[in-house]
Amino acid sequence: MEFTGERFVPGVTGPIASEHQHRYAFASQFVAGLDVLDVSCGEGYGSAFLARSARSVVGVDIDPEAVAHAEARYGGPAGPRFQFADIGDLPFPDASFDVVVSFETIEHVRDPAHALGELRRVLKPDGVMIISTPDRDVFTDRIGNRNPFHLAEMSADEFAALLAPIFPAVRLYGQRTTFASFLSPIDMQAAALSGPDALWWLDPNGLTRSPAPAGEPVYLVAVCSRSPRPIEARSVLVDAASGDANPIETLQSWANGAVERADRCVEEHERARDEERRIHDEQAATIARQAAELAQLGSELAAAQERLTERDSRIDHEAALVAAREELARELLGKLRNTHARLAAADGQAEHHAGDADTADAPAQDPVTELMAELAGLNALAGSLAARSPSGLVTRLLNAFGPARTMPSTPAAEPAMAEASPSPAAISLEAAPATEAPAKGTAEPLHIPGINLVRRSGVFDVEWYARAYGVEPDKAIEHYLTIGHAIGCNPSANFDGRAYLDANPDVRAANINPLLHYLVYGVHEGRSFFNPPRPAQPARRDAGPRGEVMAISIGEFRPRNAASA
């Protein structure tokens with residue numbers, strides 16, 4: 001019979017010989033002493049092999065030429081019987097056979113389920129069916145085989161799902177061919193339940209049995225029955241008929257190839273491991289570097305947070321300072337309003353008694369003068385506060401009541417000082433106005449009452465004051481008029497403010513700057529300022545975060561009263 005490539009014919013060598021004949025060798029474990037049906041028997045070689053141990057074998061095929069060839073070659077009283085039949089319409093009564101085999105047939109029919117139903121019909125209830133088909137996932141999709149005669153190829157899952165409704169017990173095997181044909185269970189749990197391994201040798205003397213190895217199957221072989229049967233765990237067929245090599249040499253050649261492949265796998269694995277180690281080392285170095293950078297950033301962040309904390313502390317301190325100054329401004333504003341009201345009332349009384357001769361002979365105790373002196377002191381405090389806290393509330397202190405009033409004149413006294421001091425009628429405790437407007441965006445010049453008078457008097461010793469109280473020389477007069485006189489600073493080594501107040505209780509009671517009182521009134525009234533000087537006592541200063549003088553309460557700004565002298 002001629003070999004066409006679709007149906008195996010004995011004498012053809014290569015994988016196709018091992019694949020086809022191995023399936024019959026595998027099925028032979030179920031047929032001893034039983035009646036067997038071989039569906040799609042082809043050339044008949046498989047039916048003849050099963051007939052060695054079976055009680056009877058019937059081979060059927062849809063090709064009349066194949067049936068005639070098989071009957072002529074293998075038929076006879078002691079051999080198998082062959083006849084024409086279609087798998088979809090088998091000409092046998094129900095339950096006629098103990099074993100049914102059908103290899104590489106089901107993929108050629110349009111209705112595989114109907115064909116399986118026919119195979120099950122002619123099989124006895126406790127019989128066994130061994131059936132095979134290509135695994136579409138490997139045979140077609142992976143290897144790339146395209147067989148135009150295949151009408152219903154299936155994957156392993158689809159094949160098992162097709163068999164399950166018909167046979168309660170299905171054991172699925174995979175078949176592949178390398179140096180030999182291997183049949184092993186696809187389900188390894190099923191392999192554990194199976195019997196011993198089997199290794200079949202194909203040589204010029206025929207098939208002989210021995211023990212086996214396994215890989216990715218190309219064909220699927222199913223053993224189907226009503227209940228599980230003992231089956232060989234793995235089955236191997238070695239084709240020793242091709243070439244001059246005997247089975248041992250064939251196995252040795254395959255083993256050598258397997259060793260070489262294993263060595264290549266080991267080398268590739270070692271290269272991959274070395275590459276992974278290199279990548280790991282690089283990643284570890286990167287992580288270490290990033291950890292160091294994070295630590296540095298953490299230190300910098302901590303330092304920045306510390307600076308922010310210090311800044312917030314300064315801001316809180318300055319906010320408290322501003323709040324204290326504004327509170328002082330509100331208090332000064334109230335005092336200014338009160339003093340102006342009293343001054344207005346005193347002016348009215350002075351005008352009412354202007355022509356009273358008795359009043360003219362009375363001792364000089366002018367309430368207007370006292371109020372003017374008090375107002376001068378308040379204006380000086382307001383100017384100092386405005387210089388340090390130019391907020392809207394504080395600025396109102398300087399603008400709330402208009403320019404300061406001029407103090408009234410009194411009789412002249414001390415000639416030397418009188419010549420150096422201007423007439424009281426010409427003296428104003430306001431600072432001289434600026435001759436030019438300040439540039440846009442710059443602070444306006446500070447107006448401090450009495451500053452020009454003190455500067456012209458010659459009584460204030462700028463260099464001595466700067467050394468004694470630790471201030472800048474160009475800020476000495478400003479410091480004295482705004483803060484220094486209130487905390488006991490003397491304008492010079494020869495002028496003792498406290499001694500002047502002790503000698504003039506009326507000035508202390510009026511709460512007036514002693515130097516301003518002397519220049520405006522004392523020098524014309526004959527009062528003396530020269531006393532043995534006391535050692536300079538540096539002013540008590542509450543330093544803020546940048547060394548600036550902090551706000552001092554109203555009580556601290558007042559000179560000591562007569563009671564505390």
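**Notes on the model**

1. In helix 14 (residues 462-469), the buried residues include Trp 464, Tyr 465, Ala 466, Ala 468 and Tyr 469. Here buried means under 20% relative accessible area, against over 50% for exposed and partly exposed in between, with a 1.4 Å probe and protein chains only; helices (H or I, at least four residues) and strands (E, at least two) are DSSP runs numbered from the N terminus. The model is a predicted one, in which local features need pLDDT of at least 70 and side-chain atom pairs count only at pLDDT 80 or more, while totals for chains, interfaces and linings use all residues. Residues are numbered from 1 along each chain as its sequence is written, and side-chain values use heavy atoms, with hydrogens and water left out.

2. The buried residues of helix 14 pack against helix 15 (476-482), where contact means heavy atoms within 4.5 Å. At the start of helix 14, the backbone nitrogen of Glu 463 has a side-chain oxygen of Asp 461 within 3.4 Å, and just after the helix Gly 470 adopts a positive phi of about 65 degrees.

3. One aromatic cluster is formed by Phe 460, Trp 464, Tyr 465, Tyr 469 and Tyr 480. Rings of Phe, Tyr and Trp (its six-membered ring) pair if their centres lie within 6.5 Å, and planes under 30 degrees apart count as stacked, over 60 as edge-to-face and the rest as tilted.

4. Over the whole structure, the search finds 14 aromatic pairs. Among them, Tyr 24 and Tyr 45 are edge-to-face because their ring centres are 5.5 Å apart and their planes stand at 75 degrees. This pair links distant parts of the chain, with Tyr 24 in helix 1 (residues 15-27) and Tyr 45 in helix 2 (residues 45-50), 21 residues apart. Tyr 24 is buried at a relative accessible area of 4%, and Tyr 45 is buried at 13%.

5. Tyr 500 and Tyr 518 also form an edge-to-face pair, 6.0 Å centre to centre with 90 degrees between the planes. Tyr 500 lies in helix 16 (residues 497-503) and Tyr 518 in helix 18 (residues 514-525), so the pair ties together parts 18 residues apart in sequence; both tyrosines are buried.

6. Asp 135 deserves a separate look. Asp 135 is located in the loop between strand 5 (123-134) and helix 5 (136-142), and its side chain reaches the backbone nitrogen of Asp 137 at 3.1 Å.

How values were computed
Polar contact = N/O pair within 3.5 Å; in protein donor to acceptor, adjacent residues only side chain to side chain.
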